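This report describes a few local features of one protein model. Please look at the sequence and structure before reading on.

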Amino acid sequence: MSDSVPTSRRPGRDTGAAGGDEEANAVATGHRRGFGSVLGLTVVGAVLPGTAHLAAGRRKVGAVLLVLFLLLVGAGVWLATGGRQEALRLAVDTGALRWVLIGAAALGLVWLVVVVSGYRALLPRGSRPWQKVLGALVVVLLCAGVAGPAYLVVQFAAAQRGLVDNVFADRESATVTAPAEGSDPFGTKEEVNFLLLGGDGGVGREGVRTDTVIVANVRTDNGRTTLFSLPRNLEDLPFPADSPLAAVYPDGFEAGSEAESLLNAVYRNGPEWYPDILGPTDDPGADFLKLGVGEALGLDIDYFVLVNLEGFARLVDALGGITVNVNYFVPVNGIEGQELPDDYIAPGPDQHMDGTRALDYARGRYGLSDYLRMDRQRCVIDAIVDAADPVTVLARYRQLAATTQDIVSTDLPQSLLDDVVDLAFRVKGQTIRSVVFDDTVINPAYPDYDLIRSLVQQALADPADTTTSTTTTSTMPSAAPSTGPAPEPTGPAAPTSAGNPAAAVTDVCAYDPEQARAALEAGEPPSKQD
């Protein structure tokens, strides 16, 4: 009997030792671990939350933290790869961005607690004062390293939320009807048309003149996109018969002199002459152009986006510059017949330009035609897209967001942004085609709008319905002339009814060594530098 009592107690004591207090195990483990190991495990625990707690013997807490961290990493990897479309949908949803702000701040605080508690769990009792001071310093540095990314996420989310709220502010428009709540805005539409405007309202320029007028036609089913570029000097812009503008402009837009009646003057002069003719609107000039350009092309323009070149240089600088090919001498400033250019941008491939230089490249027209400037502006847009790689955008995002707010305006409702993201993913991977209505196709002073509408329909026809295809755009001149206006650009004749006038956008932006060599051999035209 006396032997059975101790025998029954030993198993009990063994069981208690096996299932003992984790805190006691942690202390015992800590006494056996050197101080260098404590610091190393603390660093590992900051990078991989939960590992420090596991090493300290707090297995349950450590396992939960590690699993949660791996789930977050997995979600981040998915959003950066297969879930990019969902990530962009979140990025244009101000409600979701608010939760990103809150979540990033909360996650940063929790991570700080994890770092500190992991170190305290690892630190053995009886550590020397210098060890505690050094350990505290390491923890402070680790906390700063952990807080940094969380702070950046908060800053990115706040900048993006401000960008969405300011650019897509649901302004009042005379030509946009807000979609019904819960409806699919593109569900019954075969195509969506965006009017892209480049306004030049810089120093020394009265008002805003839209020297760039492009319509992007996007098929909603497959994302096939065709761009239609109209020249700035197009005259007699028509308006829909059911619009009040048709009554005041029965023969097309007219504002006194010929110079003030061109397409690029409609945005400024139309509302100036008839400020309230379209009813309440925050941007009457854009509404004038949506109605007129839509009638000219035979398309219903849904939304507009205006980029003011006054702030264009800051956008390029925020991206770190852009790279373009130059095939002929491009003038810097200059007034035709009055003042020579300040300088020229010489021909050459892959020229990296800062904001000021890129603006000069996009604006230059002395001795050249409007059509060449239209080509260069499309190349600049293409170069900006190329420069906006993910690394650059992330590194400079706050500056980019602030700049974009200053130079971009639109009537695209904020509620449609997620649908536009979906549409953009359909566009991605498609070859963007372009139709340029230059003077090889139309006479801007006496435009045949029936011909223009016919060419638009040909370009939008299904490729299977066309028997031939015209796939070249107007080419650049071999060199700018030494004096006087440049020769008219050469290019294909107006397409026949069987042809498709659309061409790939990238063609005109490619480097042409022979053309550039001819320009250099002809020499730089006269400038103020001479």
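Helix α7 (residues 94–122) has 29 residues, and from its first C-alpha to its last it reaches 42 Å, close to the 42 Å expected at 1.5 Å a residue. The expected span is 1.5 Å times one less than the number of residues. Helices are DSSP runs of H or I with at least four residues, strands are runs of E with at least two, and both are numbered from the N terminus.

The model is predicted: local features need pLDDT of at least 70, side-chain atom pairs count only at pLDDT 80 or more, and totals for chains, interfaces and linings use all residues. Residues are numbered from 1 along each chain as its sequence is written, and side-chain values use heavy atoms, leaving out hydrogens and water.

At the start of α7, the backbone nitrogen of G95 lies within 2.9 Å of a side-chain oxygen of D93. Buried residues of α7 include T94, L101, G108 and Y119. Buried means under 20% relative accessible area, exposed over 50%, and partly exposed in between (1.4 Å probe, protein chains only).

V43, V44, V47, L48 and L70 make a nonpolar surface patch of about 390 Å². Helix α3 (residues 35–47) gives the most to this patch, with three residues.

Two residues can be set side by side.

Leaving aside neighbours within four places in sequence, S409 is in contact (heavy atoms within 4.5 Å) with D283, F304, V305 and L306.

How values were computed. Patch = residues over 30% accessible without salt bridge, like charges linked within 9 Å, V, L, I, M, F, W, Y side chains within 5 Å. Areas by Shrake-Rupley, 256 points an atom, 1.4 Å probe, with all protein chains shown as cover. Salt bridge = Lys/Arg side-chain N within 4 Å of Asp/Glu carboxyl O. Polar contact = N/O pair within 3.5 Å; in protein donor to acceptor, adjacent residues only side chain to side chain.
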